[in-house]
Amino acid sequence: MVDENEGSGKAPKILPLCYKVADHENIIWVCDGAANVGQIGHEVGVLLTNMDKARMCCTTAVAAGSKPHLEIAGKAKKNIVIDGCGNRCASKVLEKAGVKIGYAIDISKYLQKVPTLDIYQADVKRIAEIVMKEAGL
Ligand code: SF4
């Protein structure tokens, strides 16, 4: 098993449970697509969560019909969706579940979609800043 924290001496940041905080937190749903834009979206979700701007939750669990996750989406202060491209997969997952989306971004409007998993931190920061500004975080 790979442990990126190994040897860093840094303890993991333990997050509040989505279920407990959803009614007063902005909840982030990312598509986590297997392309640069999907992976940038994932990292934006991680960054905003670690900045305590919002709390990333499990989009796949909503697609799987997980009741607790559907309830989290239903009671969230604001649902923020980060889609990698115009296919809008994460948005469609929430829409099919009947969830109200407060803000959504299609990253491919700002960055060209490329079939690679290698991403740049500068792109993550740029998209995170757009999300914070437009979603009012
Ligand atoms: S929105 Fe685009 S990048 Fe994200 S999972 Fe769907 S096809 Fe992949």
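Colleague: Why is alanine 104 called partly exposed?

Modeller: Its relative accessibility is 41%. Buried means under 20% relative accessible area and exposed over 50%, with partly exposed in between (1.4 Å probe, protein chains only), so alanine 104 counts as partly exposed. Bear in mind that this is a predicted model, where local features need pLDDT of at least 70, side-chain atom pairs count only at pLDDT 80 or more, and totals for chains, interfaces and linings use all residues. Residues are numbered from 1 along each chain as its sequence is written, and side-chain values use heavy atoms, with hydrogens and water left out.

Colleague: Which residues is alanine 104 in contact with, leaving aside neighbours within four places in sequence?

Modeller: Val81 and Ser91, where contact means heavy atoms within 4.5 Å.

Colleague: How do you know which residues surround the ligand?

Modeller: A residue is near a molecule if one of its heavy atoms lies within 4 Å of it. Cys31, Gly33, Gly84, Cys85, Asn87, Arg88, Cys89 and Lys113 surround the ligand.

Colleague: How does that shell divide?

Modeller: Into 3 nonpolar, 3 polar and 2 charged residues. Ala, Val, Leu, Ile, Met, Phe, Trp, Tyr, Cys and Pro count as nonpolar, Asp, Glu, Lys and Arg as charged, and the others, Gly among them, as polar.
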